[in-house]
Amino acid sequence: MNIGQKVLFELKKEISGTEYERYIRKLLYDTRRSRSNIVYFNAPNMLVAKWIKTKYADKIAHLFELQNEVKPEIEITVGKQTEKSPKTVVKQSSEKQQSKSTYLNPSLTFESFIVGDSNQFAYTTAKSVAEKPGQLYNPLFIYGGVGLGKTHLLQAIGNYHVALGHTVIYTTLEQFMNSFTSHLRSQTMDRFRDKFRECDLLLIDDIQFLSRKEQTQEEFFHTFNELHNANKQIVMTADRAPNKIAGLVDRLRTRFEWGLMADIQPPGLETKIAIIQKKCELDGIELNHEIINFIATNMGDNIREIEGTIIKLNALSSMLNQEITLDFAQNAIKDQIKEKKENVTIDDIVKIVSRELNIKPSDIKSKKRTKSVVDARRTAIYLARNLTPNSMPQIALYFGMKDHTAISHAMKKINEIIENDENFKVLLEELSNKINTDTQNNENEAGSK
């Protein structure tokens, strides 16, 4: 094993198995060209090279330093090198090179994005913009809650154009603001403007943080105008629509609304199941339908959080050398589910059950014994027991029942129905999903005020 292989083996211990298999494993150490002060690796394509260079170059250099006490410069070449073929190298970015730097995750493509009813419009418009930049919708403004796929679509557009050799800048608003402040202080604003105004596409994540940043808004206004006038594509994401971003000057707000606004809604249960299945397929993780259903129903709508849960289960399974069963999964993520339960109230549950089953909330909490009311009440009790931290006596008190034995009886009856009625089981899963979605939306709204 050469020193390059040793370093990558050590790196494997410090990162997720997914990232190692998808990116690091594809690196080949170039023993012929590498020296103590400069190290060459070969990557299969530019996207992988840039991803590794951006995220792991410093870590790789540090691991080499541990091996031979010299911290080398890391260079990653793309494609097989011959004496007749020029090399493509991803180097440490100078300010000029930085202007072409994308910092894109190569796995975030249109092909890996799961499309459902909640994100169909945003996906279609993003793909149209990628195929005809600066022609159809400029700017494109994608908005929605945390972890619903906005950044995925933004980077999918970027990766599409990097593959075509175009100059793409992907940045968060925070990075844009920090760069602006740094150049302002060092009196190098010409370099800043060259960087952000001489690109083919400008992709800005979390534009809502422009709120009340007057100086940054002024600079972004001029950057926007320069690019738009040159028919260069601008795509932005935010957690809310432009007219909901407080402290945004009118001239920027109207420009954000010039093109097209596309919102992403929380995914339905079927979409979440499809996302989990796709994640498992990409990462080679085996989860049966029961486990996938459990995760989709109990983990809310944040796709990043759901994907993190799958990675966690796979890592625990490998470390403990245990198969991922339903019991294993329930135990592994019980703390996360408990935290979510603490945010759900019985009032939330009764409100959703009332709306979906067309039964008045007052009837659900009453003593009425008609079949439709009894079924709705049992459903609400079952969901309250599973989605909130309330004890059976607390639930009994809420529904005006004598004691916890009535709740126990209702739970037993519901479990019997679940065993024999697949449609009712699906209904419970859909209600659970809607309750979690509504609760998360309420938290997001409260957090944005």
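**Close-up 1. Contacts of Phe399 in the predicted model.** Leaving aside neighbours within four places in sequence, Phe399 is in contact (heavy atoms within 4.5 Å) with Ile346, Val350, Ile364, Lys365, Arg377, Ala380 and Ile381. The structure is a predicted model, in which local features need pLDDT of at least 70 and side-chain atom pairs count only at pLDDT 80 or more, while totals for chains, interfaces and linings use all residues. Residues are numbered from 1 along each chain as its sequence is written, and side-chain values use heavy atoms, with hydrogens and water left out.

**Close-up 2. The largest nonpolar core.** A nonpolar core is a set of buried Ala, Val, Leu, Ile, Met, Phe, Trp, Tyr and Cys residues joined through side-chain atoms within 4.5 Å; buried means under 20% relative accessible area, with a 1.4 Å probe and protein chains only. The largest such core has 28 residues, and Ile349, Ile364, Leu383 and Phe399 have the most contacts inside it. At least two core residues come from each of helices H16 (346–357), H18 (371–387), H19 (392–398), H20 (404–420) and H21 (422–448). H18 supplies the largest share, 8 residues. Helices (H or I, at least four residues) and strands (E, at least two) are DSSP runs, numbered from the N terminus.

Close-up 3. UniProt, in an unreviewed entry, places the feature "domain: Chromosomal replication initiator DnaA C-terminal" at residues 345–414. UniProt positions are given in the numbering used here, feature names are shortened, and annotations may be inferred rather than shown by experiment. Over this stretch the chain is 73% helix and 0% strand, and the end C-alpha atoms are 20 Å apart.

**Close-up 4. Surroundings of Thr297.** Thr297 lies in helix H12 (residues 289–298). Thr297 counts as buried because its relative accessibility is 8%. Not counting residues up to four places away in sequence, Thr297 touches Leu269, Glu429, Ser432 and Asn436.

Close-up 5. An open sheet is formed by 5 strands in the order S6-S7-S8-S5-S9, with parallel pairing; two strands pair if DSSP finds at least two bridges between them. Strands S6 (168–172) and S9 (260–264) stand at the edges with a single partner strand each, so one side of each lacks a neighbour in the sheet. The twist averages 15° from one strand to the next; axes are lines fitted to C-alpha atoms, for helices over the stretch in contact, and angles run from 0 to 180 degrees between N-to-C directions. S6 pairs with strand S7 (residues 201–205) over 5 bridges, and Val168 stands opposite Leu201 in S7. Helix H6 (residues 150–162) packs on the sheet, at about 160° to S7.

Methods: Buried < 20%, exposed > 50% of the residue type's maximum accessible area, 1.4 Å probe, protein only.
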